[in-house]
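Q: Could we go through this structure together, one part at a time?
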Amino acid sequence: MASIVSVNSLSVSYRSGGRDVPVVHEVSWGVAEGRTLALVGESGSGKSTLAGTLLGHLRHGSRITDGSVHVDGKDVFALPARELRRLRGTTVAMVAQNAGHALTPSMRIGRQIEEVGGDVPVLDLLEQVRLPRPAELARRYPHELSGGQQQRVAIAMAIAARPKVLVLDEPTTGLDVVTQRSVLDLIGALRDELGLAAVLVSHDLGVVARMADEVTVLRSGRVVESAPTRRLFTAPQDPYTRRLLASVPRLDDAGLALVGETGEREIRPRAVLSPEAEVAVSARDVTIDYGSSRAVHGVSFDVRRGEVLALVGESGSGKSTLAWTLAGLRTSSGGTMIHASGDLARLAGKRPLDLRRRVQLVFQNADTSLNPRRSVGDAVRRPLRFFGTVQGRTQAAARARELISDVRLDPALADRLPAQLSGGQRQRIGIARALAGGPDVLIADEITTALDVSVQADVLRLLDDLRRERDLACLFISHDLAVVRGIADRVIVLRHGVVVEEGPTEAVFAEPGHPYTRQLMAAALEPDPDARPLAADVADWADAAEPDSVWTDHGHGHRVRRWRPVTTDGTVPTERTVTTEGVA
Amino acid sequence: MTTLDTAPVAAPVASATRAARAWRTLRSSRTALVGLTIVAVHVLIALLAPLLTSYDPVANDASHALLGPGWEHWAGTDQYGRDVLARVLYGGRYALGVSVAATVLTVALGTVVGCAAALRGGWLDDVLGRVLDAVLSVPSILALLVIVTALGTGPAVIVLAIAVVYVPQVVRVVRGAALAVVPADYVTAARARGERTWSILWREILPNITDVVCVEFAMRASWVVLLISSLSFLGFGADPPTPDWGLMVAENRTAITVVPMASLAPIIALATLVVGLNLAADGLSKAWGVDRIREGS
Amino acid sequence: MLSFVARRVGAAAGTLVLSSVIVFLAVQALPGDVATQILGKDATPDAVAALRGKLGLDQPAWERYAHWMRGALHGDFGASLVSSRPVGGEVATYLGNSALIALVTVLFAVTGSIVLGIVAGLNRDRWPDHLISTVSLVGMSVPEFVVATVLVLCFSVALPWFPAVVLYGPEASAGRLLPAVWLPALALAVVMAAYIVRMARTSVIDVMASEYVTTARLKGLSTWRVVTRHALPSALLPTLHVIALNVAWLAGGVAVVENVFNYPGIGKLMLSSVQNRDLPVIQAIALISAVIYVVCNLAADVGAMALNPKLRTGGRTR
């Protein structure tokens, strides 16, 4: 089959501080008509730069130093301005990473789609991307849509002029799993329907496994490996590819996966928790309000020393709100939260010093959690001095270096500024800072979300080591079920601030009782083109919890909020009362 | 497998990097360097004025009035026979002295209040915002004139008056910059530790807005110089025999067709100083990437 | 949308009340007794006391404030201490003359500077940008009285096109003042435009680097369409407030320029009233300036609403 896109030994450089920094180095690849190629890589691999070149787009300051890009037989970077404009939209179209930023805020949706040109009416396009009530939607402004809807509008805009090649730059990053799943399904369907060739840029191997026919793995601007999808996932040749694949957490891991240099996986069995382990934090019926809306609604749990309890949910589930409240950064409006040495219902400023020291929060984004103008050693020393853990400057400095090596970093890094560290190193410093006070409760708020997958594996392992060494009670907040599967001892699934299911990790993953849990599992994508979803698709359901019977108990602490199935027209199909067996 | 991450770049020591960083910024921005050089030259001239000219800037000499530029008087003389060059050289003392004092006071007060407002938020911030807006709504020149007529035209009064007029604007800029820092997780972390407001301000916020404050200082200084010269021009600033640029323009403007140099020389001095300050502000803000915050004021 | 406007109007009214209090207190705090000043230093204590009673100076401050505000709301600012004429009428005459200058200034400065700012922003780091940026930097660095003096030198002395000074009093008709309007307006426009140009340039550069402008470009739209439809509405947003502040600044900014040209406007009145300690006039001018400031900002807020649908549709998200 003829290739519609061909990139020949392309090199791109970025001009910075008076010298050229190569971003892409002699990269060649191509896509045949109607096929989907995925460009995979971690941050800094040059994959987004490559995607832009298909439309003749380079960032301010970048330039082509060698090679060429041909799309539909035309040399993109040799085209005159007028023809390049015609190429964009009609031959190649791009769906940008973050639709919320990619849509013009001051223009109505309909107008933005319309101006692309093409013969398809706007309303048909909106219908084609499965948006409800297109006529009304076309008159809205971007900020009036949800993230998933914005992404669908961006897709409608891209296919408006019926291009031949669709470039998808991280099309689902930032969307919730369930939304991601439906957007991917949509893209797949449209691609087949319109016979498009697609270039998918992604860091997510699960997405790639599901969507691509062929995969090109990039690292630091060079091609590491290119292969058809199935072969790449079943028999990766390059050690980097193997390590990358092995680093992805799986839904069926029985414990934390430890990844070797060449990509061998070893599953570490879960830590055995002694039955006498003391309860570190006990929360009962915690309710938290955000102005007039309720973010967390009557959540109860215990975390014991040495235990990892995971709070899982999509955005808006209240999981991070709960974490910040426990850390004393927000007030609760009801219920109790007790720690062995004090009441956690009070704000941090009003807690006794000892309690503040014992409950520590690690932030999601290591880039903003360290003061960019202070050395990382300073970041660790400050809580040491503040909590009075050590006396004197020299002792504090020595202890800070110890802590930095405790998080498996070179103590010589103490004099660096955060900007001189990699993302993974910064997150370790964030953990070291939390450990400085000698806490017994660690609240980890999405601490691996912003990290590349190989770095994520290392940080997870560090966290697992630390809780074993220090007997930490750990509250692990995450949206990613696969990550939780490896590290957590127990899981709580939150939806709109309400607990729908909780129990030991093994039990919940083996027999998810609540349809919402099953929905999350079904939407999770495994890095395996042949993977069957862990749970079947789920029918509609409704909450059936009564004040005096909220739970269905499955034994061993595994309990599920009561629910009942609902048919699409809103009626209860059978007279069966509460069921946790699900619907057929 | 152990993960002892090693350094990706050579390791400079953080404390030394602050000075080095400032120097690198300067070197990378030619604009800032040129601007600061111009300002430095002005400062030097003001300090060394007695060595650069042998004339007394306030001595009248009726026999030599209204001379054009010549060997004896390089820039000529004014209507009272005073040497124009000497007056311009000495004039920098008044302009720089008063402006630097006024700017330091203004920026210091504005920074403290602005940071506190951003950090505390709530009703304090609301009330402060309202009051500052009300103060800003009165034209600064009118406020200045009223204060100066009430309290006299001494340098101390002018410094105070400028602080009253400009502090609200500095507060706005600094508050805006600090608001961008306050939600950062490192500030949250300090709050979760239970650190005191002052400690957060000093350790976490100030180091991250020094660039904004520096740019604001240069920018504000240029405005203050302009304002002071306008005040002198109107007859409300420096008292007549004092060598001051604004005053000189006012005095010699009527004779501009006879001795243009007597008006032009102070204008050139004034303009170069302000251009220097503006270039410094511009260059620094571009090098540090804070131009948006400032111009939004 | 209505609630947004209502909130802004409410805030503006609050600011005005606060400004009036500040103005009143500041003027009250001025040293020297008004009655003594009117009657001269040799007046007998009885005469001073009588005048104080007549002027209401023996009443508590808040009552005098209430009295003053009640009058101000009806356009009655009391009588000038110098001319004994009603302040309201006098200020209105001078203000009208200044409005002539302000109108011309705003017209030239705003349109010109927005166009120049956009041109500079779109041609970032190329010669039009360098030229415009340099000129605006110089415009910012030279005080108004210098610009005015240079203009007089060029267009009154060298080329006698415009009058160097105004010889008419405040009661002159607009037609007679018109020839004298251009130079002061030009001097003010140069200074004012410098700030607006810089703001417009920065925000155009920002918006042109945004993801949605990149997306619009990658849709294959023409540069003209990308700039006018996608970039400008957002780019003008921050510029709007700078324009408002500058227009409000004119209320005081005219003082220096009007003095250079001897133009009978509000700035000149301001200066002479300060010199004469004509307190009712000072109070009136300060209050009217505050009104101008507040109205300009309000106008900018409403303008922002027109450009930004997020403000228009209020909290309606999703």
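This is a predicted model: local features need pLDDT of at least 70, side-chain atom pairs count only at pLDDT 80 or more; totals for chains, interfaces and linings use all residues.

Q: At what angle do helix α10 and helix α11 of chain C pack?
A: Helix α10 (residues 223-261) of chain C and helix α11 (residues 266-276) of chain C pack at an angle of about 90 degrees, and their axes are 7 Å apart. An angle of 65 to 115 degrees counts as roughly perpendicular, so α10(C) is roughly perpendicular to α11(C).

Q: Which residues make that contact?
A: On α10(C), they are V254(C), A255(C), E258(C) and N259(C). On α11(C), the contact is made by I266(C), G267(C), K268(C), M270(C) and L271(C).

Q: And what classes of residue does the contact of α10(C) with α11(C) have?
A: This contact has five nonpolar, two polar and two charged residues.

Q: Changing topic: how many residues of chain A are in contact with chain C?
A: In chain A, 25 residues are in contact with 22 residues of chain C. The elements giving two or more residues to this side of chain A are α2 (81-90) and α3 (99-102) of chain A.

Q: Which element gives the largest share of that side?
A: The largest share, five residues, comes from α2(A). By class, the side of chain A that touches chain C has 10 nonpolar, 10 polar and five charged residues.

Q: What about strands β9 and β10 of chain A: parallel or antiparallel?
A: Strand β9 (residues 214-219) of chain A pairs with strand β10 (residues 222-228) of chain A in the antiparallel sense, over six bridges. For V215(A), the bridge partner in β10(A) is A227(A).

Q: What lies between β9(A) and β10(A)?
A: The two strands form a hairpin with two residues between them. In the turn, S220(A) has a positive phi of about 45 degrees.

How values were computed. Residues are numbered from 1 along each chain as its sequence is written. Chains are lettered from A and ligands numbered from 1 in the order in which they are written. Axes are lines fitted to C-alpha atoms, for helices over the stretch in contact, and angles run from 0 to 180 degrees between N-to-C directions. Helices (H or I, at least four residues) and strands (E, at least two) are DSSP runs, numbered from the N terminus. Angles under 35 degrees count as roughly parallel, over 145 as roughly antiparallel, 65 to 115 as roughly perpendicular and the rest as oblique. Two residues are in contact if their C-beta atoms, placed from the backbone, lie within 7 Å. Ala, Val, Leu, Ile, Met, Phe, Trp, Tyr, Cys and Pro count as nonpolar, Asp, Glu, Lys and Arg as charged, and the others, Gly among them, as polar. Two strands pair if DSSP finds at least two bridges between them.
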